Each structure stands twice: as structure tokens, then as C-alpha cells.
Amino acid sequence: MSEGIDLKELKRRMDGAINAFKNDIASLRTGRASANVLDPVQVEAYGSRVPLNQVANISVPEPRMLSVSVWDKGMVGAVERGIRESNLGLNPIIDGQNLRIPLPELNEERRKSLVKVAHDYAEKAKVAIRHVRRDGMDDLKKAEKDGDIGQDLSRSQSERVQKMTDETILDVDRLLADKEKEIMQV
């Protein structure tokens with residue numbers, strides 16, 4: 001008989017869902033400027049579409065301003081076009097090889113729509129966590145059916161998997177509540 005399923009592997013996969021969720025909500029714009037806001041921007045460069053951070057440095061010189069330093073002078077127009085076409089509602093100002101991007105004040109309607117997007121991200125993370133739980137439970141049932149583990153071990157491990165799932169979903173809820181508070185802060 002074996003010792004059941006690999007709980008560390010399940011925990012690692014659940015943590016992966018949490019990290020993906022953290023990355024998703026980091027790209028949501030709040031009242032403060034963040035370089036992550038430009039993560040979804042793609043630029044037409046050298047015959048293909050590449051992420052903005054592969055053709056320029058992004059910095060935050062002021063709380064409501066982003067600065068993009070383009071490495072290749074010939075790419076400035078393409079970078080500006082990529083930012084305008086990204087549907088982020090940003091209007092870059094070209095200043096030589098740099099672009100200054102003032103961040104407009106978020107209105108109530110925009111804040112509420114960002115909160116909805118954050119809730120969607122949270123739901124995706126929870127679904128991913130539940131898939132990991134389902135995989136673990138299926139493995140336990142199969143191992144018990146095959147006679148690899150006993151009923152007692154199967155029951156205790158399934159309780160541990162459920163507890164791990166509940167804790168991870170609570171983490172997602174906490175992160176979501178923090179982000180919601182940050183977005184709605186005027």
C-alpha cells in the first residue's frame with residue numbers, strides 16, 4: 001500500500017492559480033499609476049506583435065503618470081499606436097524617444113466596471129482551484145478502488161484536500177476584497 005496522493009503537488013497547483021490571479025488583478029488600474037497597467041499592450045515591431053516591455057522601459061515618475069522610454073527611435077510611432085489601440089483609455093504624449101502617459105481620474109462607473117472585472121478574475125481562479133481539488137479527489141477514489149490505499153487514509157486525505165481548497169479560496173476572497181477596496185478608494 002502507498003501513502004495516498006501527493007498533497008504537495010496539489011498545493012503547488014493551487015498556489016499557481018493564486019499567483020495567476022495576483023497577476024491578473026495587478027494589471028487592473030486603480031487610482032495610482034502602475035507599470036503593470038501596460039502589460040496587455042502589444043506593439044507592431046519588426047514584422048510581428050510583441051509585448052510593450054520588449055521594446056521599451058516603463059517607469060512611474062509620478063503617482064498619476066507613466067513614462068515609456070522606447071529603445072529604438074523608429075519604434076516610437078508603433079508604441080504610441082499600440083497604447084492607443086489597447087482600449088485602456090490612455091493618450092500618450094510623444095516627447096522625443098519617450099512617451100508620457102497621464103492617467104485620467106477614475107469615475108464611479110469605471111471603478112464599478114473594474115470591480116466586476118476583478119470578480120471575474122476571482123471566479124476563474126476559484127474554478128481553477130476546484131479543478132485541482134476534483135483531480136485530487138479522483139486520484140484518491142481511483143487509488144482506493146485499486147486497493148492502493150485503505151478507506152481510512154482515503155477519507156483523511158480527502159478531508160485534507162478539502163481543507164486546503166477552502167483555505168486557498170479564502171485567500172482569493174481576501175485578495176479580491178483588498179483589490180476592491182483599492183479600486184473604490186477615491
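Strands here are DSSP runs of E with at least two residues, and helices are runs of H or I with at least four, both numbered from the N terminus. Two strands pair if DSSP finds at least two bridges between them.

**Entry 1: ground rules.** I am looking at a predicted model, where local features need pLDDT of at least 70, side-chain atom pairs count only at pLDDT 80 or more, and totals for chains, interfaces and linings use all residues. Residues are numbered from 1 along each chain as its sequence is written, and side-chain values use heavy atoms, with hydrogens and water left out.

**Entry 2: the sheet.** I found an open sheet of 4 strands in the order S3-S4-S6-S5, with antiparallel pairing. Strand S3 (56-62) and strand S5 (93-95) are at the edges with a single partner strand each, so one side of each has no neighbour in the sheet. I then followed S3 to strand S4 (residues 65-70): 5 bridges join this antiparallel pair. Ala-56 has Val-70 in S4 as its bridge partner.

**Entry 3: two helices.** How do H1 and H4 lie to each other, roughly parallel or roughly antiparallel? Helix H1 (residues 7-26) packs on helix H4 (residues 151-184) at about 10 degrees, with axes 11 Å apart (axes are lines fitted to C-alpha atoms over the stretch in contact, and angles run from 0 to 180 degrees between N-to-C directions). H1 and H4 are therefore roughly parallel, a term for angles under 35 degrees, with roughly antiparallel over 145.

**Entry 4: Leu-7.** I picked Leu-7 in H1. Leu-7 counts as buried because its relative accessibility is 13% (buried means under 20% relative accessible area, with a 1.4 Å probe and protein chains only). Beyond its neighbours within four places in sequence, Leu-7 is in contact with Gln-157, Arg-160, Val-161 and Met-164 (contact means heavy atoms within 4.5 Å).

How values were computed
Parallel < 35°, antiparallel > 145°, perpendicular 65-115°, else oblique. Buried < 20%, exposed > 50% of the residue type's maximum accessible area, 1.4 Å probe, protein only.
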